[in-house]
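Please open the model in a viewer and keep the sequence panel beside it.

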Amino acid sequence: MRFRQKEFNESLKQEIHRKEMELTRYVESWLPRFQGLFLQEYKVLDAGVEKDGTDPFQPGYSSSLVVSICDDHGELIDLHNIPIWTCERLFLGLPVTQNLPGSRLVGDLLDEKLQDIQQELQAYIEDFIDL
């Protein structure tokens with residue numbers, strides 16, 4: 001769901017942090033169940049919420065749920081990324097780094113429910129195990 005700068009407020013910031021914490025807690029409970037399956041195949045499964053930046057309403061801030069699968073040598077086999085929140089400055093629909101006249105600050109928030117993300121991760125892992 002896209003938000004414009006004039007819609008940035010404290011309740012939106014709390015919603016962003018709530019989703020990040022909710023997904024962090026879910027991954028902490030979900031990850032141990034599947035790590036054992038991957039170790040049997042000499043693969044490493046890792047997941048977590050990654051954040052770039054400190055203020056959700058500043059350009060360059062982004063947070064996402066990242067699931068990585070590596071072989072026993074540490075080489076990346078597959079990466080699955082689910083963006084939670086991204087804040088960027090746009091000028092004529094293109095991302096820019098400078099505050100140009102006419103540019104706008106926008107944010108994109110994950111609008112899926114936790115159950116949908118759980119199903120997506122379950123399907124992703126099951127598909128990978130079947131390979």
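**Aromatic rings**

The count of aromatic pairs comes to five, where rings of Phe, Tyr and Trp (its six-membered ring) pair if their centres lie within 6.5 Å, and planes under 30 degrees apart count as stacked, over 60 as edge-to-face and the rest as tilted. Select Phe3 and Trp85: their ring centres are 6.3 Å apart and their planes stand at 45°, so this pair is tilted. The pair links distant parts of the chain, with Phe3 in strand S1 (residues 2-4) and Trp85 in strand S4, 82 residues apart. Helices (H or I, at least four residues) and strands (E, at least two) are DSSP runs, numbered from the N terminus.

The model is predicted: local features need pLDDT of at least 70, side-chain atom pairs count only at pLDDT 80 or more, and totals for chains, interfaces and linings use all residues. Residues are numbered from 1 along each chain as its sequence is written, and side-chain values use heavy atoms, with hydrogens and water left out.

Are Phe3 and Trp85 buried or exposed? Phe3 is buried, with a relative accessible area of 15%, and Trp85 is buried at 0%; buried means under 20% relative accessible area, exposed over 50%, and partly exposed in between (1.4 Å probe, protein chains only).

**Nonpolar cores**

Next, select Trp30, Leu45, Leu65, Val67, Ile117, Leu121 and Ile125. Of the 20 residues in the largest nonpolar core, these touch the most other members; such a core is a set of buried Ala, Val, Leu, Ile, Met, Phe, Trp, Tyr and Cys residues joined through side-chain atoms within 4.5 Å. At least two residues of this core come from each of helix H1 (10-40), strand S2 (43-52), S3, S4 and helix H2 (114-130). H1 gives the largest share, seven residues.

Centre the view on Leu45. Apart from neighbours within four places in sequence, Leu45 is in contact (heavy atoms within 4.5 Å) with Leu31, Phe34, Gln35, Phe38, Val67, Ser68, Ile69 and Ile125. A second, separate core of 10 residues includes Phe8, Leu12, Ile16 and Leu109.

**Polar contacts and loops**

Move to Asp71, found in strand S3 (residues 62-71). Which backbone nitrogens does the side chain of Asp71 reach? That of His73 lies at 3.0 Å, and that of Glu75 is 2.8 Å from a polar atom of the Asp71 side chain.

Ser103 sits in the loop between S5 and strand S6 (104-109) and is buried, with a relative accessible area of 14%. Its side chain makes a polar contact with the side chain of Asn99 at 3.4 Å; a polar contact is a pair of N or O atoms within 3.5 Å, where within protein one must be able to donate a hydrogen and the other to accept it, and residues adjacent in sequence count only if both atoms are side-chain atoms. A polar atom of the Ser103 side chain also lies 2.7 Å from the backbone oxygen of Leu100.

Select Leu92 in the loop between strand S4 (76-91) and strand S5 (94-96). Leu92 has a positive phi of about 55° although it is not a glycine, and is exposed at a relative accessible area of 76%.

**Cysteines**

Finally, select Cys70, buried at 17% relative accessibility, and Cys87, buried at 2%. The structure holds zero disulfides, a disulfide being a pair of cysteine sulfur atoms within 2.5 Å.
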